[in-house]
Amino acid sequence: MTQGAIDAFVAAGRELVPMSGESGNGFMASWLEYAGVDNFDSVAPVYDCAMVVDAMDVLIDALDGKEVVFDQSNMEMEIITYDNIMDYYREDLPDSYWAGTRLTEENLAKLFANE
């Protein structure tokens with residue numbers, strides 16, 4: 001994960017470089033912390049963690065004998081840039097939160113209650 005790469009560059013005293021990232025809250029916190037330092041910048045795709053649920057729904061329909069069409073090339077993906085990072089970053093949630101969830105605020109609160 002890119003958060004670890006940033007930590008390694010900083011620990012080694014190396015100049016930061018542009019790095020592709022991910023929609024993990026911990027990475028986004030590091031991105032915000034180091035934005036504008038050296039040559040660091042990033043871009044990150046938002047992979048909806050629930051896409052596995054979509055795939056399972058298709059599988060179950062297929063096993064039930066239903067006709068299914070699943071064209072993964074048409075799956076939409078949001079992109080995080082520095083200009084829109086605050087639409088995805090959650091200061092109120094821990095590093096282990098990933099943007100793009102379908103969980104409700106109530107379920108997010110329960111999930112991260114002990115962190």
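Visitor: Which residues does Met-28 touch, leaving out those up to four places away in sequence?

Guide: In this predicted model, Met-28 touches Glu-22, Ser-23, Ile-80, Ile-85, Tyr-88, Tyr-89 and Ala-99, once residues up to four places away in sequence are set aside. Contact here requires heavy atoms within 4.5 Å. Met-28 is also among the residues with the most contacts inside the largest nonpolar core, together with Ile-6, Phe-27, Trp-31, Phe-40 and Ile-80.

Visitor: What makes up that core, and which element gives the largest share of it?

Guide: The core has 19 residues, and the elements that give two or more residues to it are H2 and strand E2, which spans 42–46. The largest share, 4 residues, comes from H2. As a general background, nonpolar side chains in soluble globular proteins tend to be buried together.

Visitor: Why is helix H2 called largely enclosed?

Guide: A residue counts as buried when its relative accessible area is under 20%, and 7 of the 10 residues of H2 are buried, so the helix is largely enclosed by the rest of the structure. The buried ones are Asn-25, Gly-26, Phe-27, Met-28, Ser-30, Trp-31 and Tyr-34, and they pack against H1, E2 and E3. Just after H2, Gly-36 takes a positive phi of about 85°.

Visitor: Why are H1 and H2 described as oblique to each other?

Guide: The axes of H1, residues 2–11, and H2, residues 25–34, come within 8 Å and cross at roughly 40°. Angles under 35 degrees count as roughly parallel and those of 65 to 115 as roughly perpendicular, with the remaining angles between these ranges being oblique, and H1 and H2 are therefore oblique to each other. On the side of H1 the contact is made by Thr-2, Gln-3, Ile-6 and Val-10, and on the side of H2 by Gly-26, Phe-27, Ser-30 and Tyr-34. Sorted by kind, the residues of this contact are 4 nonpolar, 4 polar and no charged.

Visitor: How do you know that the buried residues of H1 lie on the same side of the helix?

Guide: The buried residues of H1 are Thr-2, Gln-3 and Ile-6, and they cover an arc of only 110° around the axis, which puts them on the same side of H1. What covers them includes strand E1, at 19–20, and H2. Just after H1, Gly-13 takes a positive phi of about 70°.

Visitor: What makes Tyr-82 partly exposed?

Guide: The label partly exposed covers what lies between buried, under 20%, and exposed, over 50%, and Tyr-82, with a relative accessible area of 45%, is therefore partly exposed. Tyr-82 is placed in the loop between strand E3, residues 78–80, and helix H4, residues 105–111. Leaving aside neighbours within four places in sequence, Tyr-82 is in contact with Trp-31, Leu-32, Ala-35 and Asp-41.

Visitor: Where is Glu-78 placed, and what is its relative accessible area?

Guide: Glu-78 is in strand E3, and its relative accessible area is 45%, which makes Glu-78 partly exposed. Apart from residues up to four places away in sequence, Glu-78 touches Ala-44, Pro-45, Val-46 and Tyr-88. Glu-78 and Val-46 are 32 residues apart along the chain, with their C-alpha atoms separated by 5.2 Å, while Tyr-82 and Ala-50, also 32 residues apart in sequence, are 24 Å apart from C-alpha to C-alpha.

Terms used:
Residues numbered from 1 in each chain as written. Predicted model: local features only at pLDDT ≥ 70, side-chain atom pairs only at ≥ 80, totals over all residues. Heavy atoms only, no water. Axes fitted to C-alpha atoms, helices over the stretch in contact; angles between N-to-C directions. Parallel < 35°, antiparallel > 145°, perpendicular 65-115°, else oblique. Nonpolar A, V, L, I, M, F, W, Y, C, P; charged D, E, K, R; others polar. Core = buried A, V, L, I, M, F, W, Y, C linked by side-chain atoms within 4.5 Å. Buried < 20%, exposed > 50% of the residue type's maximum accessible area, 1.4 Å probe, protein only. Arc of directions from axis to C-beta.
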